[in-house]
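Reader: I have never read a protein model before. Could you walk me through one, feature by feature?

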Amino acid sequence: MAVCLNFIRTSVRARIVVAALGGLFLQGNDSIAAEYRLAPGDTIEITISGAAQLQQKAVLGLDGTVSLPVMGEVKASGLSLSELRSKIAAEMPNKMMRQRTGEGRELIFTILPQEVTINIAEYRPIYVSGDVAKPGEQVFRPGMTVRQALAIAGGYDAMRLRTDSPLTQLVDSRSEYETLQIQFVQAMLQVKRLKSELGQPADLDETALDNMRIPEGLLAQISAVENERYTSRTNNLKKEKEYMERRISQFDSQISILSDQQQKEKEAMQSDLDDLKNLKDFHDRGTVPITRVMDAKRASLVSASRHLQAMAQLEQARKEREEVVRNLAKVDEARRDELLQELQNANLQLSSMRPRLAALQQKLLAFTGSVRSQSLERSNARPEISISRKTNDRFERIVSGENTELLPGDVVEVALRID
């Protein structure tokens, strides 16, 4: 058992040397490790030689403490990495650890303070604000300079010299102006279509249309839509009137047939009534039995009923024809009222858009001049860079240049000044 423990301790010592050399190699590349003080938000990595299951990363909390395996809570804020290692070496007691091998055997060994390796896994981020293209948070890398942070932030952006950028306002106004132009042209073509449907002169204001500067493709598309709408609505109106005219023609034929039928039924009814009268006379003379009189009476009733039915059908057909005739007369009138209302709305829309277009034109001219003026100003802009850094629980402002080396948590503030 002693031999086994010595072998394990020897192998652990070998791993410690390798880990220590690796740690020294990493630390040699860390240009700020010697003077940098840990602060809340930093992430440290703890490695215990021979105990991979205990390796972990821990973030310093707001109170400056960090939770370490074996030792528990440790106050790390304000300490350099070497000071934290010394503190752990001084305070950490020897611990007996158990480790199970792949064969299922359990090994017991002691963790010594020097077997614990601590490195910084991730620093607090830095922040860039002011006249840059992409202000915000950036991941800190050891040896990072202001120039590198500005490159990540997209470089200087002089358009942030003013809160309301004329360039932004120019783009917004131009987009609004172009959209309003398209709406204006649509309304113009709609007015032309409505006048054509009303049979009024439909001349298009070519000068106003040229001033809109609408792309030819888009103008052709809008014109095609209005032409298609005109054709569709005209065809629908024509089909509706043709349908009503066919109905009137059908009713005319039906009325003619019913009139003939009603006349025939009337003649048949009159004939049956004459026969009934003659048979009654013969019956009164005693030459015809009563049964023949009764049969003639029933026949006259049937013919009278058929005559009344024919008259009712004829009257119903005439009423339905008159209804269709009235609807046909109303189609053109109702359609004209609808077109006049649409034309009025389109003209009102054009009237409301004209002053808006004129106002936007003035704004575009003003913003264009402002952007040109500001472009000349930007050529003389010079950057003023300062760093806000927390030192000993207080923030200090440091005037810097592009080659100044940064520390975790720094806030780089950029301001472009006009000479």
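Author: Let us begin with burial: a residue is called buried under 20% relative accessible area, exposed over 50%, and partly exposed in between (1.4 Å probe, protein chains only). Of the 419 residues in this protein, 33% count as buried. The model is predicted, so local features need pLDDT of at least 70 and side-chain atom pairs count only at pLDDT 80 or more, while totals for chains, interfaces and linings use all residues. Residues are numbered from 1 along each chain as its sequence is written, and side-chain values use heavy atoms, with hydrogens and water left out.

Reader: What average pLDDT does the protein have?

Author: pLDDT is the predictor's confidence in each residue, from 0 to 100. Here the average is 78, and 76% of the residues score at least 70. Over residues 1–33 pLDDT stays under 50. Where pLDDT is low, the predicted coordinates should not be read in detail.

Reader: How many helices and strands does the protein have?

Author: Helices (H or I, at least four residues) and strands (E, at least two) are DSSP runs, numbered from the N terminus. This protein has 7 helices and 12 strands.

Reader: Which residues of helix α2 are buried?

Author: Start with the general idea: an α-helix has 3.6 residues a turn, so residues three or four places apart point the same way. In α2 (residues 81–91), the buried residues are Leu81, Leu84 and Ile88. They lie on the same side of α2 because they cover an arc of only 60° around the axis, the arc being that of the directions from the helix axis to the C-beta atoms.

Reader: What do the buried residues of α2 pack against?

Author: Packing is read from contacts, and contact means heavy atoms within 4.5 Å. The partners of α2's buried residues are β1 (43–48), β3 (65–68), β4 (72–75) and β7 (116–122). Threonine 43 belongs to strand β1 and is buried, at 10% relative accessible area. Beyond four places in sequence, its contacts are Lys57, Ala58, Val59, Ile120, Ala121 and Glu122.

Reader: Which residues does isoleucine 222 touch?

Author: Isoleucine 222 sits in helix α6 (residues 216–285) and is buried, with a relative accessible area of 8%. Not counting residues up to four places away in sequence, isoleucine 222 touches Ile182, Val185, Gln186 and Leu189. Isoleucine 182 is 40 residues from isoleucine 222 in sequence, and their C-alpha atoms are 9.0 Å apart.

Reader: Is tyrosine 127 buried or partly exposed?

Author: Tyrosine 127, found in strand β8 (residues 126–130), is partly exposed, with a relative accessible area of 35%. Leaving out residues up to four places away in sequence, tyrosine 127 touches Gly136, Glu137, Asp410, Val411 and Val412.

Reader: What volume does the largest pocket have?

Author: On a 1 Å grid over the protein atoms alone, a pocket is an open set of points where a 1.4 Å probe fits, with protein on both sides within 12 Å along at least five of seven lines; lining residues have an atom within 4 Å of a point. Grid points are joined across faces, edges and corners, and a volume is the space filled by probe spheres set on the points. The largest pocket comes to about 640 Å³. It is lined by 23 residues, and Ala39, Arg124, Lys390, Thr391 and Asn392 are the closest to its centre. Strand β10 (residues 381–391) gives the largest share of this lining, 3 residues.
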